[in-house]
Amino acid sequence: QVQLVESGGGLVQAGGSLRLSCAASGRTITTYSMAWFRQAPGKERVFVAVHKWNDRTTDYADSVKGRFTISRDNAKNTVYLQMNSLKPEDTSVYYCAAAKTILYSRTNSYTPGNYDYWGQGTQVTVSS
């Protein structure tokens, strides 16, 4: 079992920055692909970014590419999401997720059902 706890959310003005953290416990995340998803009220949970363990590559949703950066510190068993140039439409609950299965394609990465463990989420609110 892997337990994931997100932190770092909050209220920020448009154009500002936040860094989310996801602390894992129970098992090392070295052999897990780690991702961030977000879910706005009344909407589906959607992919934001992934850091794959097998080839150490990253991928991003088009809506955040160039503004968000996912990284991991395996020594701290923690994943981060640096969010810059935030927009009101980035307002959501952000969830951290871990996948043991190798995510070979973008479709694999984007599908919530391919992730084995989830955190409880952290609220990010961007005011205009």
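A salt bridge here is a side-chain nitrogen of Lys or Arg within 4 Å of a carboxyl oxygen of Asp or Glu. By that rule I count four salt bridges.

**Ground rules**

I am working on a predicted model, where local features need pLDDT of at least 70, side-chain atom pairs count only at pLDDT 80 or more, and totals for chains, interfaces and linings use all residues. I number residues from 1 along each chain as its sequence is written, and side-chain values use heavy atoms, with hydrogens and water left out.

**Entry: salt bridges**

I started with R38 and D90. Their side chains form a salt bridge at 2.9 Å, N to O. R38 lies in strand β4 and D90 in the loop between β8 and β9, so the bridge ties together parts 52 residues apart in sequence. I take helices (H or I, at least four residues) and strands (E, at least two) as DSSP runs, numbered from the N terminus.

Next I looked up burial. Buried means under 20% relative accessible area, exposed over 50%, and partly exposed in between (1.4 Å probe, protein chains only). R38 is buried at 10%. D90 is buried at 0%.

D90 has another partner, R67. The closest N and O atoms of R67 and D90 are 2.8 Å apart. R67 sits in the loop between β6 and β7, 23 residues from D90 in the loop between β8 and β9. Both R67 and D90 are buried. Shared partners join R38, R67 and D90 into one salt-bridge network.

I then checked D59 and R106. They form a salt bridge at 2.8 Å, N to O. D59 is in strand β6 (residues 58–60) and R106 in helix α1, 47 residues apart. D59 counts as buried at 14% relative accessibility. R106 is partly exposed at 41%.

**Entry: rings**

I pair rings of Phe, Tyr and Trp (its six-membered ring) if their centres lie within 6.5 Å; planes under 30 degrees apart are stacked, over 60 edge-to-face, and the rest tilted. This gives six aromatic pairs. The F47 and Y110 rings have centres 4.2 Å apart and planes at 15 degrees, so I log the pair as stacked. F47 belongs to strand β5 and Y110 to helix α1 (residues 106–110), 63 residues apart. F47 is buried at 6% relative accessibility, whereas Y110 is partly exposed at 30%. I traced a cluster through ring pairs: F37, F47, Y110, Y115 and W118.

**Entry: charges over rings**

I call a charge over a ring if NZ of Lys or CZ of Arg is within 6 Å of the ring centre and within 35 degrees of the ring normal. The charged end of R45 sits over the Y95 ring, 3.6 Å from its centre. For K100 over the ring of Y32, I note 5.0 Å.

**Entry: nonpolar core**

A nonpolar core is a set of buried Ala, Val, Leu, Ile, Met, Phe, Trp, Tyr and Cys residues joined through side-chain atoms within 4.5 Å. The largest one has 36 residues, and L4, M34, W36, L81, M83, Y94 and Y115 touch the most other members. Strands that each supply at least two residues include β3 (18–25), β4 (33–39) and β8 (78–83). β9 gives the most, with five residues.

Leaving out residues up to four places away in sequence, M83 touches G16, S17, L18, L20, R67, F68, Y94 and V124.

Definitions and conventions
Contact = heavy atoms within 4.5 Å.
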